[in-house]
Amino acid sequence: MGHFSSMFNGLARSFSLKKRKNSSGNGKYDGRDAVEAMAKEAKRNDLILRSSGTVNVDGSKNFASLFSRRGEKGVNQDCFIVWEEFGCQQDMTFCGIFDGHGPWGHFVSKQVRESIASSLLCIWQESLAEASADPDLDKKVQRFNIWKESFLKACATVDQELEHHPKIDTFYSGTTALTIVRQGEVLFVANVGDSRAVLATTCDDGNLVPVQLTVDFKPNLPQETERILQCNGRVFCLDDESGVHRLWLPDESSPGLAMSRAFGDYCVKDFGLISVPDVTQRHITSKDQFVVLATDGVWDVISNEEAVEIVSETPDRAKAAKHLVQCAVRAWKRKRRGIAVDDISAIVLFFHSKHFCQHIYPVTTPK
């Protein structure tokens with residue numbers, strides 16, 4: 001019951017923000033407005049980072065390293081966010097990494113980055129308040145169900161809002177989204193697309209091994225292919241891209257998406273593409289050291305084992321994400337000669353942070 005008490009204490013803080021906002025307004029309350037006020041306060045307190053750098057809040061168990069590098073295809077369409085004390089909860093951290101595609105992909109990824117956290121937090125708070133009315137439910141089961149429903153509703157809301165966005169054309173553009181919430185010693189993971197989360201945990205022999213927490217939602221996965229074909233979409237590889245299965249319209253050679261789940265891309269939303277997240281949980285133990293969230297630019301050329309080794313062998317944890325991205329760039333040039341390097345981005349969230357005095361240190365991303 002103690003954990004739920006701490007959550008309600010956090011809710012009380014968020015409600016105080018609502019009251020402060022309402023006291024200067026017309027008395028009306030919108031949950032999104034309150035959450036946006038919380039985000040602004042978190043930004044002022046150095047609790048949110050949306051660029052390459054590190055996040056280490058005093059007293060937090062977490063240490064986050066972030067880095068993104070533009071590829072050779074134009075503007076960087078990747079983006080990410082780390083939000084400590086998510087929802088005014090001292091034991092909660094939100095991380096998200098987004099990989100845009102299409103002509104407006106960089107706008108879509110940034111829009112989803114900004115809206116998914118706010119939607120999720122707003123819906124989670126409402127669901128938590130409703131759940132508190134039934135004291136007989138199993139709290140552990142209830143907690144996962146609340147998060148799962150919150151992720152599902154938030155993703156549906158964000159995708160609907162994108163379709164009607166007045167300034168972003170999402171018909172042939174979209175983004176993947178991999179998001180996690182660390183709440184105490186539990187990770188809640190929600191994945192839409194082909195970015196990947198990999199946990200590093202210690203074996204009995206002392207070696208670090210990877211545990212993949214997400215599924216890469218590619219069009220050739222059996223359950224994904226079945227859905228696409230039932231919706232009259234098509235899945236096949238181009239002649240010069242052996243092994244790269246793409247999603248196509250029934251009668252057109254477009255859009256050729258290399259993932260089966262994404263926000264936006266309304267040209268194929270009726271032909272098998274969905275924005276429904278796969279939601280799972282993982283209990284963190286003393287053996288679990290860190291989790292890597294990265295776009296497919298990493299995983300196309302770096303294995304799970306290699307990623308864990310690269311991060312674990314980086315002397316300065318603040319540079320862990322940068323080192324992983326740099327290794328992926330070198331692997332691209334070695335393994336995929338003649339193919340333009342993709343945008344490559346990573347977040348490394350360390351679970352057992354040593355005490356540091358710093359909060360956030362942005363770094364300059366190379367062009």
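Predicted model: local features only at pLDDT ≥ 70, side-chain atom pairs only at ≥ 80, totals over all residues.
The side chain of aspartate 343 reaches the backbone nitrogen of glutamine 77 at 2.9 Å. Aspartate 343 itself sits in the loop that runs between α8, residues 320-335, and β16, residues 344-350.

Now, which side chain of opposite charge is nearest to aspartate 343? That is arginine 70, and the distance is 6.3 Å. Aspartate 343 is buried and has no salt bridge. A salt bridge here needs a side-chain nitrogen of Lys or Arg within 4 Å of a carboxyl oxygen of Asp or Glu.

Next, the salt bridges. How many are there in the whole structure? The search finds 13. I will go through some of them.

Take aspartate 342, which pairs with lysine 73 in a salt bridge, at 3.9 Å from N to O. Aspartate 342 is in the loop between α8 and β16, and lysine 73 is in the loop between β3, residues 63-69, and β4, residues 78-84, so this pair ties together parts that are 269 residues apart in sequence. The two partners differ in cover. Aspartate 342 counts as buried because its relative accessibility is 12%, and buried means under 20%. Lysine 73, with a relative accessible area of 59%, is exposed.

Then there is aspartate 216 with arginine 196, a salt bridge with an N to O distance of 2.5 Å. Aspartate 216 belongs to the loop between β9, residues 208-212, and α5, residues 222-230, while arginine 196 is in strand β8, residues 196-202, so the bridge ties together parts 20 residues apart in sequence. Both of these residues are buried.

A further salt bridge joins arginine 182 and glutamate 185, whose closest N and O atoms are 3.2 Å apart. Arginine 182 is buried, at a relative accessible area of 2%. Glutamate 185 is partly exposed, at 30% relative accessibility. Finally in this group, Arg50, Arg113 and Glu114 are linked in a network of salt bridges.

Which residues form the negative surface patch? They are Glu305, Glu306, Glu309 and Glu313. Residues count towards a patch if they have over 30% relative accessible area and no salt bridge. Of these, glutamate 309 is in helix α7, residues 304-312. With 43% relative accessibility, glutamate 309 counts as partly exposed.

Now the backbone. Most residues other than glycine have a negative phi, and most peptide bonds are trans.

Where is the cis peptide bond? It joins serine 254 and proline 255, with omega at about -5 degrees. Proline 255 is part of strand β12, residues 255-257.

Cysteine 88 has phi near 65 degrees, and its position is the loop between β4 and β5, residues 92-101. Asparagine 232 has phi near 75 degrees and is in the loop between α5 and β10, residues 234-237. Are these two residues buried or exposed? Cysteine 88 is buried, at 10% relative accessibility. Asparagine 232 is exposed, at 53%.

Leucine 247 is in strand β11, residues 245-248, and counts as buried because its relative accessibility is 0%. Its C-alpha is 9.0 Å from that of threonine 225, a residue 22 positions away along the chain. Aspartate 265 is in the loop between β13, residues 263-264, and β14, residues 278-283. Aspartate 265 is also buried, with a relative accessible area of 0%. Aspartate 169 is 96 residues from aspartate 265 in sequence, and the two C-alpha atoms are 9.3 Å apart.

Technical notes: Residues numbered from 1 in each chain as written. Heavy atoms only, no water. Patch = residues over 30% accessible without salt bridge, like charges linked within 9 Å, V, L, I, M, F, W, Y side chains within 5 Å. Areas by Shrake-Rupley, 256 points an atom, 1.4 Å probe, with all protein chains shown as cover. Lys, Arg positive; Asp, Glu negative; His and termini not counted. Charge placed at Lys NZ, Arg CZ, Asp CG, Glu CD. Helix = DSSP H or I, 4+ residues; strand = E, 2+ residues; numbered from the N terminus. Buried < 20%, exposed > 50% of the residue type's maximum accessible area, 1.4 Å probe, protein only. Polar contact = N/O pair within 3.5 Å; in protein donor to acceptor, adjacent residues only side chain to side chain.
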